[in-house]
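Welcome, and please take a moment to look over the sequence and the model.

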Amino acid sequence: MELAAVGTRLASAAVGSLVKKLFVAEGSGAGLVDRPIRISGYVSFTGEKRSLTEADVRELAAKLVRQGLRSGERPIAADEEQAVVDALGATLHALGDLTLTDLDAVRLGHQEFARELRRAGDRPERHLSSEGTYFYERLVDAACLHILQFFTQRSTFVAHALVEQARGLDELICKVDELVRRSPLPGGEDAAFERRYLEHLRKKHGKLTIHGIDLSSSPTRWPLDVAYLNLETTRRVPSPASRGETGQAYQWALADGTEPADQVLASNRRVLLRGEAGSGKSTLVQWLAVMAARGELSDRLEYLDDRVPFVLPLRTLTRHGERLPNPRDLLAASGCPLAGGQPDGWEDRVLLAGRGLILVDGIDEVPEPERERTRRWLRDLIDTYDGQNRWLVTSRPSAVGHDWLIEDGFAELTLSVLGPADIATFIERWHAAARTGTDDGGELARYASQLRTAVRTQPDLGRLAANPLMCGLICALHRDRRGSLPHGRKDLYEAALSMLLSRRDRERDMAIPALREEPQREVLQLLAYWLIKNGRTEMDRSRAETIVARVLPAIPEVAELGEAPAVFDHLLQRSGLLREPAPDSVDFIHRTFQDFLGARAAVEEGDFGLLVEHADDDQWEDVIRMAVALARPRERETIFRELLARADRGADPRVRARIRLLAAACLEHATSLSPAVREAVERATATLIPPGDEEEARTLAEAGPLILRLLPGPEDVDDLGAFHTVIAASRVASDAAVPFLARFVDHPFVAVRAQLVWSWSRFDSEQYADEIIARLDPDDLMFTVKNDEQLGHLRRLGLRPDALDVRAGVSGEALTSYLAHHPARRLSLPQLGVSDLEFLCGRAGTGTLARITELRTTAASVEALPSGAVLGSVTHLYLVSWEGERAVQAALDRLPAAFPGLVVCRVSGALTVDVDIDVAPLAELADLRELTITVEGERIRGADALSRSVVLTLDG
């Protein structure tokens, strides 16, 4: 087997993941066989349990062709590309017709096996030109090489029977990868560089720092696959209509307005994602970059296929206040060590081809005067490289207005906080990570159990743990302090700093000069304060050393370590609070620590006037809150009085409201405060109640439990006032909100009750079910369940909702069991997996779904319905597709047989690829009256085949 046989020089990363999709997934015990297996028994597109359709196989063939075309100079004319795709698809589909066993195939070798496969496919290359035939044969050779390797890795029988052949296949693939790396084909420099670049991204972002784990022999960084927690995002939905309507449109919009964080770019090409500090925005950026770079994607992440990520932390790009980079400078500006090694114009070609995944992290870390310049830079990039590129921009909630990028086609979503179930999962994963490399697994298991109980039973602790960063710190401190925890945010930060500054090296037995906490803290808080006053989150090393040099004469204990560079190196390497995100730059491991240390410096300097002066600047909000917590009683009163005075002087009503809400939010950090000042703050807050809209309601909730005493009851406000009041109260992370919310359970406005249902996951599941869910007026109300526990409470309470919205955390078994005894008329399954609809039909029989007249589900689940499944009672079908046009077309083809009584059909989702959709199959639906698809009109075929009574709406 010569390397020249693989003429296209496709690397294993480009082929292996695609080839694997042609075969069924391994189950438990797979590979433990005592005889060869016929190849047709491996493939995933035949039999009753097939997971791929013939269209899927053609799509895989198209991806292989695109990879081959990218590996060097274009070997075929553009007008022959589709013909090669068709030929390759037919050849791969012939795998299901082979009578060979896996053992036979490996014995043949990959070239002879390729010839057998081409014969089984009726030699489709005969319709190609000589150039097309050569290219097609090289692709088949490359695919067959990986197919045979798959057999040797899958079957222990083959691996043992043909040891030399198996070893030879592995060696050949490694040699091809090395040849690709060292000497790409002419014109293949882009592909060769991309492989290096994607490997760099996988290594750089493939692990997540888990704060506090590094206090023992456990690893400080944990594989992202294990540590990542996929949170939920929400988008703003239109305000509910008047009470006279059923509220169904609002409830569906509310349901459709949430999606898992890893799906935000599946249905939107451009997203502005908001989230509080430590909420997981940067972790999501890491996750998306690594998934795209890895290439082996699940169906739900198919939208990341063949994308090239550009991770652009704005804190780094704007460090010097210089001009933001052009595409050719993106790698250098973001600190990528491969910068300069890319082929000339590579970034331009990637973005023009619509393959970019542009991840712009941290609008809030840009100084406010520079944000408009940042928006112009972003707009210029989008105007130049529109197409199919995906754009994600992250920010803290208050950094930019809600319409900041609306004109540029950005969907605005918010990253949700951790609910009780999420917190429990986070705690379990943190302790699982901490157990690695230790022998105290039993003790850690006890700590995890204690902490889960503590966050559930202690409201203040539970509120802090709703933030992923804070939850990680709580886990670390709970372990470090042998099961005890400080109270409140200030004490938590103080303990975390102590843990990192003084105990870290002692726990790890580091032989370094002893240095007390306080001297280190004094130096660090000066660095933090400089960053805050200058609107930065990152500084040059030279600037940091200058600040250190100025303070050394005043802190002899630190000066004993040497000159400023030596002291800075000590803090960088030993404090656990600083890091070097790029050469010759420094920042804090998280903005939260910068704000806390900066607040200490401001209080020690007595800069209360400076704090109040910046009360309307989002970059100073957390600094002011922590300053209130750190200040002495009289200093604290000064801050509050000056905040209220500043608000009273303000000409802009929005600024006045913002400062008064900030003062209210600071109250929870004021351990002691004169009653007169506290009453003055509450009076100022009362002027903002009831909230006038949803945005005001969410902002008001940041003031915490205080607002529960100020919010009106259901009898004191109109319908919209009650609606906004419930939004505000439901976002107060305290069990004290539950009895307040219970006063609204029989409110006649359905949107109020819908909000109560939607807020269930924010509180203790059982208490909320007993006090609110069980007492809700069910008229016209859709019940949302997000996990098996909630579904169990519905069953325990004997509730039989007419409409049920089922989220991804609910298992198929629990749903089937519930529906068997409590059938619903309207069922929404917007986030369940491909086979869940099949599962319901297969386990419980279609009788489980016989009462359903309205169904919302994924296109993929319709495609995966068992052959012969008929859901004749469904008259209204709403399909969402995260898998794109292919899944939509496959679902539309199934509708006449599976849903013969359909009257209304609406299709939405990630329909962003320029592929036509054929609606002609729906002509067989005799009762169809409405068809809505969210694509442009020119992409619809077969519309003339529909009955004239069908109203076709295209919303592209």
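**A walk through the model**

Thr233 stands opposite Leu415 in strand S9. These two residues belong to a pairing between strand S3 (residues 232-235) and strand S9 (residues 411-415), which run in the antiparallel sense over three bridges. Two strands count as paired here if DSSP finds at least two bridges between them. The strands themselves, of at least two residues (E), and the helices, of at least four (H or I), are DSSP runs numbered from the N terminus.

Before going further, a word on what you are looking at: this is a predicted model, in which local features need pLDDT of at least 70 and side-chain atom pairs count only at pLDDT 80 or more, while totals for chains, interfaces and linings use all residues. Residues are numbered from 1 along each chain as its sequence is written, and side-chain values use heavy atoms, with hydrogens and water left out.

Now step back to the sheet that holds this pair. Seven strands form an open sheet in the order S4-S3-S9-S5-S8-S7-S6, and their pairing is mixed. Strand S4 (258-260) and strand S6 (308-313) stand at the edges with a single partner strand each, so one side of each has no neighbour in the sheet. From one strand to the next, the twist averages 25°. Helix H12 (residues 281-294) packs on this sheet, touching S5, S6, S7, S8 and S9, and its direction makes about 160° with that of S7. Contact means heavy atoms within 4.5 Å, and such angles, from 0 to 180 degrees, are taken between N-to-C directions of lines fitted to C-alpha atoms, for helices over the stretch in contact.

Strand S17 (residues 876-881) and strand S18 (residues 904-909) pair in the parallel sense over six bridges, and one of the bridges joins Ser881 to Gly909 in S18. S18 also pairs in the parallel sense with strand S20 (residues 930-933), over four bridges. There, Val907 stands opposite Ile933 in S20.

Let us turn to charged side chains. A salt bridge is a side-chain nitrogen of Lys or Arg within 4 Å of a carboxyl oxygen of Asp or Glu, and by this rule the count comes to 58. Which parts of the chain does the pair of Arg371 and Asp618 link? Arg371 lies in helix H16 (residues 371-384) and Asp618 in the loop between helix H27 (608-613) and helix H28 (621-630), distant parts of the chain that are 247 residues apart. Their side chains meet at 2.7 Å, N to O, and both residues are buried. Buried means under 20% relative accessible area, exposed over 50%, and partly exposed in between (1.4 Å probe, protein chains only).

Arg521 is buried because its relative accessible area is 5%, whereas Glu517, at 23%, counts as partly exposed. Both belong to a network of salt bridges that links Glu494, Glu517, Glu518, Arg521, Arg600 and Glu604.

Our last stop is His590, in the loop between strand S12 (585-588) and helix H26 (591-605). Leaving aside neighbours within four places in sequence, His590 is in contact with Ala277, Gly278 and Leu469.
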